[in-house]
Amino acid sequence: MTNARAAGPDAASFRYRIGFGTWVNDMRPEPLPLDQWPSPRFDDLTVEGLFRTLDTMAAAGYQYLDAFGLWGTNDYPPDIVSAFADRERNRRVERVLQAARARGIEMVLPLGVFTWGYGRIIRDDPAVRGLDDRGQPHPHAMCGARDRAWGYLERLIDTFFARHDFAAVHLESADLGYCACPECAGRDGSVAYNARLNQRAAQYIKSRWPACLVYVCPINWAPWGLGASGQQRTFTAEQMQAVRALSQHIDLFMDQGHRGRFIDDCGIAELACAYGTSGGLWAYHGCRMDRLSYLLPYPTRAARHLAEHHRLGARGALVYQGPMVNPAVELNSTVAGLAMQDVRRDPAELIGEAIDQLYRPVTQAAADSLAALFASLEEAYFGAWDAGRFTAGQAMEVPGEFCLGPLFNTFADPPVFLLEPYLDAFGRQALKTALRGALAAAEDLHGAFDDGGRLRRLRRALQVMAQLLSAVMLARGEAGGS
Ligand SMILES: [Zn+2]
């Protein structure tokens, strides 16, 4: 039994409460400072991170965990099945699958559709390789007009399901681009082509596993960028036709909103399936940043965004998780989970419940003080974001998704979240003041909780973040005074 049955009525709750890993090592309790993104590892610490995430999610009422990288990352072999032959990996993955079920959470099969996973296949079998928009061989995508390409995808799906009876599939076709040849996006346009690819994949899955929840993430179907309204350009009426056709064949269209949503408020009701988002604001953690080198709580914003998206008609949410050893990540995830079960609840009440659950405070004053600490940091950091800095640099909406460091890198990540466009000199100074207050408050809270080491980890995260901030301010010539 999943936690679905514990949910409240649809009128105040999300029907599909999904945690998004994103990649398995993004949840890892310790960093991998030298690993390129995404790291293909699946070791005991990967498993530990997944277990911790499942524990947090189960306590907060999530139903599904969607995590890429269980068996492969970029390079499934042409025979497909040999990617699943590593006994040690299979043993670990099996432990995770069982742990999820034991906690009432279903693991999602995240599936790149013609991109993500096919790098080796298009090298070894160039006939299935797609073309980019200049007519050159595509670096990542297979061509949707090649039957043999569909054969690879279907074999991959079959092999996944042979290993585990997945309750849900996440389809994603364009994150690394798509084929633009004259039979694919070159003819249909990117939205109609990607809708067509996902529809065919969904039909294949539904024909064989009719009860499986199928959702589609349209990342990169259309460019991010502001329209005349000053907001993200949404799908045109013609593009919406293709999306509506797709919506007949899937359960959920997950318009995540990395830099604004693709479907406008009116378009939500046109879909034949449910509509979902990623809750308006989320940190992307990667695997290289030290897990206790930052503390970025956004529980109030998460709860407010989820309530707003629910009001607009969203009934699914793909909420980003992360390394749960980080106390802010854990709080963000917990509050979002609670909010999805009843969007009418006040964010402060949800945060109070999460603190009671996670920290077991000895006194109400201690709980209030900790809530105030998180609130002050949330406001000091996210309150200092300025839409003008984001739109001026990139003509895009305020993230959505913000990456703590660069995605592609092979050395410990710099703390780009302390730099422009996120924070300017004024914001850094305000954050310094907030960190000073938080460090003092955390010191005073010593002994106030039965928290499994959470306050200690919180203090370390504050300390290292303060140190990183000091380094940035020194390098920028902003460190004068105290
Ligand atoms: Zn093509």
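The following legends describe close-up views of a predicted model. Residues are numbered from 1 along each chain as its sequence is written. In this predicted model, local features need pLDDT of at least 70 and side-chain atom pairs count only at pLDDT 80 or more, whereas totals for chains, interfaces and linings use all residues.

**Figure 1. The whole chain.** The chain holds 14 helices and 12 strands; helices (H or I, at least four residues) and strands (E, at least two) are DSSP runs, numbered from the N terminus. Its C-alpha atoms fill a box of roughly 65 × 50 × 45 Å along the principal axes. Of the 482 residues, 48% are buried; a residue is buried if 20 or more other C-beta atoms lie within 10 Å of its own, exposed if 12 or fewer, and partly exposed in between, with C-beta atoms placed from the backbone.

Figure 2. In the order 1-2-3-6-7-8-9-11, 8 strands close into a barrel with parallel pairing. The twist from one strand to the next averages 25°. Two strands pair if DSSP finds at least two bridges between them. Strands of a sheet pair through backbone hydrogen bonds, either parallel or antiparallel.

**Figure 3. Strands 2 and 3.** Strand 2 (residues 64-68) pairs with strand 3 (residues 106-112) in the parallel sense over 3 bridges. Within this pair, Leu65 stands opposite Met107 in strand 3.

Figure 4. Helix 9 (residues 327-341) has 15 residues and should span 21 Å at 1.5 Å a residue, and its end C-alpha atoms are 22 Å apart, which agrees; the expected span is 1.5 Å times one less than the number of residues. Because 14 of its 15 residues are buried, helix 9 is largely enclosed by the rest of the structure. A nonpolar core is a set of buried Ala, Val, Leu, Ile, Met, Phe, Trp, Tyr and Cys residues joined through C-beta atoms within 7 Å. In the largest such core, of 145 residues, Met142, Val335 and Ala339 touch the most other members. Helix 9 supplies the largest share of this core, 8 residues. In soluble globular proteins, nonpolar side chains tend to be buried together.

**Figure 5. Ser13 and Gln341.** Ser13 lies in the segment before strand 1. Ser13 is partly exposed, because 19 other C-beta atoms lie within 10 Å. Although Ser13 and Gln341 are 328 residues apart in sequence, their C-alpha atoms are 4.6 Å apart in space.

Definitions and conventions:
Axes fitted to C-alpha atoms, helices over the stretch in contact; angles between N-to-C directions.
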